[in-house]
Structures are given as C-alpha cells and as structure tokens.
Amino acid sequence: MIQKMNRREFTKSSLLAAAGSAFTLNAVRTANADDKAVPAPKSADAAPLFPQGKIGKLSISRLIMGSNLITFYVHARDLNFVNELTKHYNTDDKIMETLAIAEKNGINTIMTQADDKYLGILKKYRNERGGKLHWIVAPMIAGSTEDFNERVRKLAMEGVDGMYIHGAQGDPLTADGKKDLIARVLEQIKRQDIPAGVGGHDLNTIKYCEDNKIEADFYVKTFHHHNYPSAPKPEDLKGATSEVPGYWCKNPRETADFMKNVKKPWIAFKVMAAGAIPPRSAFTYSYQNGADFILAGMYDFEIAEDVAIARKALDGAAKRDRPWYG
C-alpha cells in the first residue's frame, strides 16, 4: 500500500472582530443585506426535502456538506492564521449545531476524511443528537492490505454509508498506474455493501479509471470556472492544482467535455475555488455543466442561503446537456 500521505463578511457574527477583513480572502462571501441569522434548530426531524439522487443504494441530497471548515483543512492561500481562527469558531458544539442546521435545510449527507476525532463528533451527533446524516468518508490507504481492510470493515460497522479514495491519493495512484491497488481498495469497500468511489483533482485520474474500466460507483472531481479576480493566468497553469494562485480545476472546459460521456454519478468539489467564487455563480456553473452533486463547505450562518441558491441552480440546469446520473 502507499503511505499516508467565501465568503459573506461576518457582519452578523462575532468572528468579525477576531478575523478582520483579511478573512474574506479565504472563506467569507459578499454580504447580502437581506440575510437573516439562522437559529440553531432544536430538531432535524422536520427537514424539507432537497432534490436527491442515487449513488448505489443511497439517496443523497444534490448539495452535500463539505468538511474542510470543520476539520481545519481550510485553503487560505498564504493566510496562515485562518485554520487556527476556524478552530476557535468551529468548536465541537458548533460543529454539531452546524450539522443540525444542514439537516434542517434538507442536506442529508456529509463527506469527510476518516479522521478519528471528527468521526467521533459525527457519532456523537448521530447517537446523542438524533442526527440522520449519511457519512461518506475517505479512509487513508496506508499500511498493509490487512490493516486497510480491517480499517474499512471497522468504518462500515461504525455506520459509514459510503467510502472513496481521496483525491490526494487518487491522483498519485493513477499517475503511477496502480490499477490493481485501486481495484482492490474499491472491492474491499464494496464488500461492506456500500458504494465505493474515486476522487481526484487531476482529470487524468478519472480518465485512467474510465480507460481501465475500474469499477467505481461514483467520482469526486474538482470543478470550477476561472472567472474570479485571483484566478490563474494561462502561464500559471502548471499543475493540476495550486494554492497560489488558487485553483483546483486546471481546465474546467476539458473536465465538462470529458464528463459528458462518463455514465457514473459525479460529485463536484472545490466549486467555489475555496471561497473565491460566490455560490450563485459556482453552483449554477457546476450543475449546468454536468455535476450531479455538489460538495460545499459551509459555516452555520451560510447554509440556509446556500441551499436556496442551490435549489434555484438545480431548477436552471434542468435542460443541461449531460444527463443526470444518480
């Protein structure tokens, strides 16, 4: 096995005093004068349905809760203080409150790394708060085959609903031609009677899986346009991704064109280019150009507005070129 490897200004949050205007470069979106604070729900039982699709046996909201803001993998370019700031805001209790707000607004799935600390919070939310979110996680491929297989079995026993190869590992695995290893990982996940996917930042990851007929149930691929002030210039596009200038989808047109012929559910992530693109633009672009699901990191006070935007974006994409999968 291989080794282990924004948004609205905080005009209505106490975070503004701590963060200052610099924080807007990472995770704060343009303020909306009509925004209203979202109170923490007492229960997630009466959640309105958000449009859903199928991945395997799972019915999944077409807007999925991301986890970078709660696992503190915030893409802050060179603003090194942002992850620590986010830790002070997203306490364990705040994370569970955020999950409840997501459910209240119709989101029924979260995707995250298989990190013991945050899986512990998800368990507590499910067992003590009555949370019903599906969990799709990315177990790290490391150690022996036996160790990995046992890790997958344990995750399934703990209530994980789906698993996938994280893009940070999917890209090098495919670049190195590790077809058999990818197939074994997916097979072990499927043995738990849950869907198994492959993630990538590099379109070549998806191309490799398709060319080699690797039986993934779904793909997780970065997707965003380059129409934002800090977007890369053509000469900056050297790798699949870059933190400075910040981009995570090197060629969105190529991605959209290729995915037209991929007959598997596609979860698009980094659709806001880590906070550089407003959600209205990001969601509309992603659904219209082929994404079946969007994975989006959201603070608690952003969720209600984002869900409303995503609903409108879905309506506007009803006649898109790529068929809906899932």
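Visitor: How many helices and strands does the protein have, and what makes a segment one of them?

Guide: The protein has 12 helices and 12 strands; these are DSSP runs, of H or I over at least four residues for helices and of E over at least two for strands, numbered from the N terminus. The model is predicted, so local features need pLDDT of at least 70 and side-chain atom pairs pLDDT 80 or more, while totals for chains, interfaces and linings use all residues. Residues are numbered from 1 along each chain as its sequence is written, and side-chain values use heavy atoms, without hydrogens and water.

Visitor: Which residues of helix H9 are called buried, and why?

Guide: In H9 (residues 203-211) they are Leu203, Thr205, Ile206, Tyr208 and Cys209. Each is called buried because its relative accessible area is under 20% (1.4 Å probe, protein chains only). Of the 326 residues of the protein, 54% count as buried.

Visitor: What do the buried residues of H9 pack against?

Guide: Their partners include helix H7 (167-175), helix H8 (179-190) and strand S10 (218-222), where contact means heavy atoms within 4.5 Å.

Visitor: How do you know that the buried residues of H10 lie on the same side?

Guide: The buried residues of H10 are Pro252, Thr255, Ala256 and Met259. They cover an arc of only 95° around the axis, which puts them on the same side of H10; the arc is that of the directions from the helix axis to the C-beta atoms. An α-helix has 3.6 residues a turn, so residues three or four places apart point the same way. The buried residues of H10 pack against H9, S10, strand S11 (266-269) and helix H11 (279-288).

Terms used
Buried means under 20% relative accessible area, exposed over 50%, partly exposed in between (1.4 Å probe, protein chains only).
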